[in-house]
Structure formats: structure tokens, C-alpha cells
Amino acid sequence: MVKKMRLKKIQTHAEANGFLEKEYLPEHNRRFRRTPAQPEDYHRAAPRAAELEEVFHLETGRVIGHDWVVRHDNRYFQVKAQARQYAPAKGKVTVCEWEDGRLQIRYRGRAVVWEEIPGPVPVPAARPREATAKKQKPPTPQADHPWRQDYRKMRPWSKPGTPPGSLIHAMSG
């Protein structure tokens, strides 16, 4: 079709529309028109506005928290208790959102009453203790403390005058 328009030197939209109406479409319809096998019209009727509204929305699955709060899109919704039909904690709900911003929460296919609530207040992080309180070293033992003595002087067999085998002999006897 573009080649035909180029050969006819069509340059404007008005000329293109005129070419389509007078030349191209009648020839196209003549070549490709077929009679229907059955004369009945099987097209369905256009849906009502309520049916279209039911179709054209986003559905997102969510889970009800233990406090009956549903979180969706960083917003919090408190599900209200209804007459003997409670939405159980950890129950699955569907959040329906329309293009104009309306929301609906459905539990088992039925709309439930809800109220938007503010999100939880973040708890400020505990500041670490200031660096002024340094770790204290353990106290250094005094010079006469046993830990500071030579270990060879602590052994009983290393005392002068005690033969090396006498300790074992003394312990066994």
C-alpha cells in the first residue's frame, strides 16, 4: 500500500484518506470478500459497565497478619470484624485496585470492611556507647605473686636437698 501511495505521489493525510476510500478499499474488498457459511451473527453483546469494572482491575494476593492487618503497596489496612464472619489470621485475601485508585479487600470472594492505618513507627537504633569508656586492663599481679615466680622454684623436687625420685616415693607411700 505504501508503494502504491508513493507511485501516486500522495504526500498529505487528506490525499491518503481519499486514496483509501476511493481506490484501495473497494479493490481490497472485491478481492477478499467471502460470504459467511451461516447467516447467524455469533458476536456477543457488549458487556455492561459493572462487568467491565469487574474485569479491569488489578488483583494482588495478600495474607492477613495476626493483628488482622493487610499490607499492600507499603500501606497498612486494618480489617474490621464483621457479624460472625471473621477473617482469620493468616487467611488469604485479594486486594483489588482500580485505575482511579479505589481499593477493595476480598476474603473468600466477598468484600470486607477495612480502614487504612498508619504504618509502624520505626524504633530509633540504639546508639553505641561513647568511646570514652575504654576497656580496662586486668590488674597486673604484684612482684611477689606466685604467677610472677619462676615455675622451677615452685616444684617440690626442685627444692635443694630433695632427691628427684623422693616426691613420687612420698606420694605413693
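**Close-up views of a predicted protein chain**

**View 1. The open sheet.** Four strands, paired in the antiparallel sense, make up an open sheet in the order β1-β4-β5-β6. Strands are DSSP runs of E with at least two residues, helices are runs of H or I with at least four, and both are numbered from the N terminus; two strands pair if DSSP finds at least two bridges between them. The edges are β1 (58–63) and β6 (110–112), each of which pairs on one side only. Direction ignored, neighbouring strands of this sheet are turned by 40 degrees against each other on average, where axes are lines fitted to C-alpha atoms and angles run from 0 to 180 degrees between N-to-C directions. The model is predicted: local features need pLDDT of at least 70 and side-chain atom pairs count only at pLDDT 80 or more, whereas totals for chains, interfaces and linings use all residues. Residues are numbered from 1 along each chain as its sequence is written, and side-chain values use heavy atoms, with hydrogens and water left out.

**View 2. The pairing of β1 with β4.** Six bridges join β1 and strand β4 (residues 92–97) in the antiparallel sense. The bridge partner of V63 in β4 is K92.

**View 3. The aromatic pair F77 and W114.** These two rings form an edge-to-face pair, 4.8 Å centre to centre and with 80 degrees between the planes. Rings of Phe, Tyr and Trp (its six-membered ring) pair if their centres lie within 6.5 Å; planes under 30 degrees apart count as stacked, over 60 as edge-to-face and the rest as tilted. The pair links distant parts of the chain, with F77 in strand β3 (residues 75–79) and W114 in strand β7 (residues 114–117), 37 residues apart. F77 is buried at a relative accessible area of 1%, while W114 is partly exposed at 27%; buried means under 20%, exposed over 50% and partly exposed in between (1.4 Å probe, protein chains only).

**View 4. The aromatic pair F19 and Y24.** A search of the whole structure finds two aromatic pairs. That of F19 and Y24 is tilted, with 6.3 Å centre to centre and 35 degrees between the planes. F19 is buried, with a relative accessible area of 6%, and Y24 is partly exposed, with 23%.

**View 5. The charge over W98.** R102 lies over the face of W98, at 4.7 Å from the ring centre. A charge sits over a ring if NZ of Lys or CZ of Arg is within 6 Å of the ring centre and within 35 degrees of the ring normal.
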